[in-house]
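User: Please take a close look at one strand pairing in this model. Then set that part in the context of the whole chain.

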Amino acid sequence: MSTDKPTPPDGFEQFESADLDGEVPTVELGPGDVLEGLVLDFTEGEGEYGPWYRLKIKDESRGVVRYFAKGEVKRAAAQDRIEVGDPIWVAMDTEETTLERDDGSTHDYHPTMVAFPGGS
């Protein structure tokens, strides 16, 4: 059906655009922190240190946030496992792990985990 000037039906409020992208906070997870919600946007690029992936997630407790993928989340993104519209669970482990590099030096870090619905 066509009309000269469409208007929203009763009970609907018309969306007014605003540049809110700058207002979306970026989340840095710490040991024991969890990010759980719906993937709203997925951006990837190439930087000085290789590929990077940034997710915009509607987190259940924080609202809409940005998250730069690390650890298993970055691996899942690189393998095309993360898609817009899908639920995701991201957490940083509380136990520290030591990584030994090729040059013999070590690096202590907290692994980042990711999970998706659909398990048995």
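Analyst: Strands here are DSSP runs of E with at least two residues, and helices are runs of H or I with at least four, numbered from the N terminus. Strands count as paired if DSSP finds at least two bridges between them. Three residues separate β2 from β3, and the two form a hairpin. In a regular strand, side chains alternate between the two faces of the sheet.

This is a predicted model: local features need pLDDT of at least 70, side-chain atom pairs count only at pLDDT 80 or more, and totals for chains, interfaces and linings use all residues. Residues are numbered from 1 along each chain as its sequence is written, and side-chain values use heavy atoms, without hydrogens or water.

Now the whole chain. It holds one helix and seven strands. From the N terminus the order is β-β-β-α-β-β-β-β. The C-alpha trace spans about 75 × 35 × 25 Å along its principal axes. The radius of gyration, taken over C-alpha atoms, is 19 Å, while a compact globule of 120 residues would have one near 14 Å. That globule rule is 2.2 Å times the number of residues to the power 0.38. Of the 120 residues, 23% count as buried, meaning under 20% relative accessible area with a 1.4 Å probe, protein chains only.

Technical notes:
Buried means under 20% relative accessible area, exposed over 50%, partly exposed in between (1.4 Å probe, protein chains only).
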